[in-house]
Amino acid sequence: MWPLYLVLFMLLLSAVGLAFATGRYPVPPLMALRIFLYPVTGGEEDWSATAETVVWEIRLPRIAGALLVGASLAAAGTTYQCIFRNPLVSPAILGASQGAAFGASLALLLRLSWSGVMGMAMASGILATSATALIGRHLGSGSMITLVLAGLLVAAVFNALVAVVQYIADPLDVLPSITFWLMGSLNRIGNDDLGIIGVPIALMLAQLYAFRWQINVLGADNDAARALGVNAALVSGVAIAGATVLTALAVSVSGIVGWVGLVVPHIARFLVGPSFDRLLPISALTGGLFLLAMDTLARSVATQELPLGVVTSLVGAPFFAIVLGRARRHWF
């Protein structure tokens, strides 16, 4: 495992250096490192004030945001796939993404601040998943199949609500903002946003890792879980709640970024196998690396920045087809 962690760490460092050096105002990686370490090491400032502003206020929060969002979506997708025992499950399965989309769209329609948009998206995403859980419990005593069907129902309702908001939004002002947000982007993330989402994301990842062996057993078989004394309802609830909060937090700052939570778990499973205790950290690292690479590509492939969700779809869909063809017999 340690050689794999070392390879991922080196790739991550390379991706971070490339992200600093890419954009309308490129900052060489060594200069970015000196600027970053200057408050500790001191020394002579051989860079401009513009370069320092770009590093601290633009590139650093965007890079950190890509790593956090990618890790969150990948970890959520991994957890959902294990709990539902289905390799085609993604973080949108219970309606969290669609609920967050409605919350953000409504906040933009009401012309709230960026922090208001984040808060509404997060709250609406959690509300959508809570509605899914209530419907699933009422209709099917909490069975997984009923829960998935309830998620499809809730997602359809919130998609319709998003369409209503877009229909009544000002087409010259608000509608473009809603449309661009729905396509996904990290261009508005700042250091304050990292402070808001960073701690909850770390806590949710730690929670999932703390339940790693119970989730691993539950992902294999309910009978085995009962034989080992695992409370299936409790573990499923904790895992789904953690994955849902991760999804809502990620979507609240990035908009709808598809395929990360579906493709990355397959990559991680190909690298380390299906065991959840190894799969979760590798998925999180790979997800952060993948989304950072996609964000750098979105900023550099054209003169105008492309929506992040569009880039992840264009790259993720054919990549998933390749993974699907090579590993379909070895998912679990």
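The model is predicted. Contacts of helix 3 with helix 11, helix 12 and helix 2 are described in turn.

**The nonpolar core**

- The largest nonpolar core holds 85 residues. Tyr 80, Phe 84, Trp 181 and Ile 215 touch the most other members.
- In soluble globular proteins, nonpolar side chains tend to be buried together.
- What does Tyr 80 touch beyond its neighbours within four places in sequence? Its contacts include Arg 85, Val 89, Ser 90, Pro 91, Ile 93 and Leu 94. Further along the chain, Tyr 80 is also in contact with Ile 240, Ala 243, Thr 244 and Thr 247.

**Helix 3 with helix 11**

- Helix 11 spans residues 232–254. Its axis and that of helix 3 come within 8 Å and cross at roughly 150°.
- Angles over 145 degrees count as roughly antiparallel, so helix 3 and helix 11 are roughly antiparallel to each other.
- The crossing of helix 3 past helix 11 is left-handed.
- On the helix 3 side, the contact is made by Val 69, Ser 72, Leu 73, Ala 75, Ala 76, Thr 79, Tyr 80, Ile 83 and Phe 84.
- Helix 11 brings residues including Ser 236, Ala 239, Ile 240, Ala 243 and Thr 244. Leu 246, Thr 247, Ala 250, Val 253 and Ser 254 of helix 11 take part too.
- By class, this contact of helix 3 with helix 11 has 13 nonpolar, six polar and no charged residues.

**Helix 3 with helix 12**

- The axes of helix 3 and helix 12 come within 8 Å. They cross at roughly 75°.
- Angles of 65 to 115 degrees count as roughly perpendicular, so helix 3 and helix 12 are roughly perpendicular to each other.
- Helix 3 uses Gly 70, Leu 73, Ala 74, Gly 77, Thr 78 and Gln 81 here. Helix 12 answers with Val 260, Gly 261, Leu 262, Val 264, Pro 265, His 266 and Arg 269.
- The contact of helix 3 with helix 12 divides into six nonpolar, six polar and one charged residues.

**Helix 2 with helix 3**

- Helix 2 covers residues 29–41. It packs against helix 3 at an angle of about 90°, with the axes 10 Å apart.
- Helix 2 and helix 3 are therefore roughly perpendicular to each other.
- Met 31, Ala 32, Ile 35, Phe 36 and Pro 39 of helix 2 meet Ala 51, Glu 52, Val 55, Trp 56 and Leu 60 of helix 3.
- By class, the contact of helix 2 with helix 3 has nine nonpolar, no polar and one charged residues.

**Two loop residues with positive phi**

- Arg 111 sits in the loop between helix 4 and helix 5. Its phi is near 60°, a positive value in a residue other than glycine.
- Is Arg 111 buried or exposed? Arg 111 counts as exposed, because its relative accessibility is 53% and the exposed class starts over 50%.
- Trp 259 lies in the loop between helix 11 and helix 12. Its phi is also positive, at about 75°, although Trp 259 is not a glycine.
- Trp 259 counts as partly exposed, at 29% relative accessibility.

- Ser 124 belongs to helix 5, residues 114–140. At 7% relative accessibility, it counts as buried, because buried means under 20%.
- Leaving aside neighbours within four places in sequence, Ser 124 is in contact with Gly 99, Ala 100, Phe 102, Gly 103 and Phe 158.
- Leu 109 is part of helix 4. It is partly exposed, with 21% relative accessibility.
- Leu 109 and Val 174 are 65 residues apart in sequence, yet their C-alpha atoms are 6.2 Å apart.
- Beyond its neighbours within four places in sequence, Leu 109 is in contact with Val 165, Ile 168, Ala 169 and Val 174.
- Ile 168 lies in helix 6, residues 144–168. This isoleucine is exposed, with a relative accessible area of 54%.
- Ile 168 and Leu 262 are 94 residues apart along the chain. Their C-alpha atoms are separated by 33 Å.

Note on methods: Residues are numbered from 1 along each chain as its sequence is written. This is a predicted model: local features need pLDDT of at least 70, side-chain atom pairs count only at pLDDT 80 or more; totals for chains, interfaces and linings use all residues. Side-chain values use heavy atoms; hydrogens and water are left out. Helices (H or I, at least four residues) and strands (E, at least two) are DSSP runs, numbered from the N terminus. Buried means under 20% relative accessible area, exposed over 50%, partly exposed in between (1.4 Å probe, protein chains only). Contact means heavy atoms within 4.5 Å. A nonpolar core is a set of buried Ala, Val, Leu, Ile, Met, Phe, Trp, Tyr and Cys residues joined through side-chain atoms within 4.5 Å. Axes are lines fitted to C-alpha atoms, for helices over the stretch in contact, and angles run from 0 to 180 degrees between N-to-C directions. Angles under 35 degrees count as roughly parallel, over 145 as roughly antiparallel, 65 to 115 as roughly perpendicular and the rest as oblique. A crossing is left-handed if the near helix is turned anticlockwise from the far one by less than a right angle, and right-handed if clockwise. Ala, Val, Leu, Ile, Met, Phe, Trp, Tyr, Cys and Pro count as nonpolar, Asp, Glu, Lys and Arg as charged, and the others, Gly among them, as polar.
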